[in-house]
Amino acid sequence: MSLHPRQEEAIFRTLDAFRIELPSWAFANTGTRFGKFLDPTAAATIDEKLADAAQVHRFTGCCPSVAVHVLWDFPGGVQDAAPAAQRALDLGVRIGSVSPNVFQDQEYKYGSLANPDPAIRAKALDHILDSIEMAKAAGSRDITPWFTDGSNYPGTANMRQHKRWFEEGLRAAHATLAPDQRLLIEYKPFEPAFYHTDIADWGMALQLAKAAGPQAKVLVDTGHHYQAQNIEQIVAWLLDDNMLGGFHLNDRRFADDDLTLGSIDPYQVFRIFHEICCFEWETGRPADIAYMVDQSHNLKPKTEEMLQTITRAQMLFAKAAIVDHERLAGHQRSCSLIDAEECLQTAFQSDVRPAIEEWRRAKGLPVDPLAAFRESGYLRRIAEERGGRAQAAASYA
Ligand code: AFD
Ligand code: MN
Ligand code: MN
């Protein structure tokens, strides 16, 4: 059944506004805690990561920004930020959110902002303040810290004291934000800590964001929830409180697996996007949300996998955009359960691909971004440029 012209217009409007930020780290060699499989086309420098990300933007038209990790992408600190920002602009993209990294240095073995040693807490805070300065130098709005602080065994940490140390550290970080910047606080129930994680769920992140200050919000990583958790309900509450800063989008089968978005449970992604479309319909204003991908692909070809993720996200958001909100609201009021559910299912089951292809044609974009990328020869070129290096690295890995 073809879509109604009104539905096609809704899809066009949605795709016009839908921007998804790519993670620099997704283009580099990554792996699991059991090891890495080296990819000869993997990016090794920020320039190469930006170049690969720019390819995804070139073929999809909706990925103008690239999230960076300061330790991996700005190893020289603040001095690296502006040149990288210029390089990004030269490639047709820009630097997006900036992630501090207080989970790899040896000093953070017993925590960062919640480390019992005040000198380590100060070191972690200094790094976050430096990251905020790097974000300013790169022209970035969002600083997105993720903390691994927690403990592996009962009785080894004072959880209330950790909470207070986090309130203190995040308040100090918030105080140095530029007026247009945001501090997006990410939560995760477990890993690498396995008994307690200090910022384990959306409630803790919300409370810490409110304690930090008015420019702090919550970052929802879709892989950071227990199996049965209703993520779209969390999204609805944070939206209603104007506390949803944005997403790290990925899919998961068991835990924080960082799989291709929609590869395991596309209906859940659709329901999350539906809550946003419903909020925008009810309020008549766009939700100011940063849609970021956070995935690590150690088996699939990295740039191709990112093209899969982006085109899947566009498709699921287009499906969410055609839900008949007027009709749904009526069925909810009258408790017509079957009809209400069918409003969602009808949209989810609809084939939105023709409308998306039409949108791409209208934008001068390839109707099949992945096929166009494969035909471009980019992968062959970078395999020649980077291939020898990966073999060398493999011999010393
Ligand atoms: C890991 C963490 C978290 C963080 C990301 C990038 O679980 O999602 O945002 O690395 O630092 O996936
Ligand atoms: Mn994340
Ligand atoms: Mn994660």
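**Helix packing and buried polar residues**

Helix α9 passes helix α12 in a right-handed crossing, as seen in this model, which is predicted. The axes of α9, spanning residues 266-283, and of α12, spanning residues 337-349, come within 11 Å and cross at roughly 115 degrees. On the side of α9 the contact is made by P266, Y267, F270 and H274, and on the side of α12 by L344, Q345, A347 and F348.

At the N-terminal end of α6 the cap is provided by N158, a side-chain oxygen of which lies 3.0 Å from the backbone nitrogen of R160. The buried residues of α6 are H162, W165, F166, E167, G169, L170, A173 and H174. The elements covering these buried residues include the helices α5 (118-138) and α7 (202-212), together with the strands β7 (150-151), β8 (182-186), β9 (196-197) and β10 (216-221).

Two further residues in helices were examined individually. T60 lies in helix α2, which covers residues 46-60, and has a relative accessible area of 0%, so that T60 is classed as buried, the cut-off being under 20%. The side chain of T60 reaches the backbone oxygen of V56 at 2.6 Å. When neighbours within four places in sequence are left aside, T60 is in contact with L307, I310, Q314, W359, L365 and P369.

D73 lies in helix α3, residues 70-73, and is likewise buried, with a relative accessible area of 2%. Residues up to four places away in sequence not being counted, D73 touches S24, I46, K49 and V68. With two of these residues, polar contacts between side chains are found: D73 is joined to S24 at 2.5 Å, and to K49 at 2.6 Å. As for the placement of D73 relative to E357, which is 284 residues apart from D73 along the chain, the C-alpha atoms of the two residues are separated by 35 Å.

Conventions:
Residues are numbered from 1 along each chain as its sequence is written. Chains are lettered from A and ligands numbered from 1 in the order in which they are written. This is a predicted model: local features need pLDDT of at least 70, side-chain atom pairs count only at pLDDT 80 or more; totals for chains, interfaces and linings use all residues. Side-chain values use heavy atoms; hydrogens and water are left out. Axes are lines fitted to C-alpha atoms, for helices over the stretch in contact, and angles run from 0 to 180 degrees between N-to-C directions. Helices (H or I, at least four residues) and strands (E, at least two) are DSSP runs, numbered from the N terminus. A crossing is left-handed if the near helix is turned anticlockwise from the far one by less than a right angle, and right-handed if clockwise. Contact means heavy atoms within 4.5 Å. Buried means under 20% relative accessible area, exposed over 50%, partly exposed in between (1.4 Å probe, protein chains only). A polar contact is a pair of N or O atoms within 3.5 Å; within protein, one must be able to donate a hydrogen and the other to accept it, and residues adjacent in sequence count only if both atoms are side-chain atoms.
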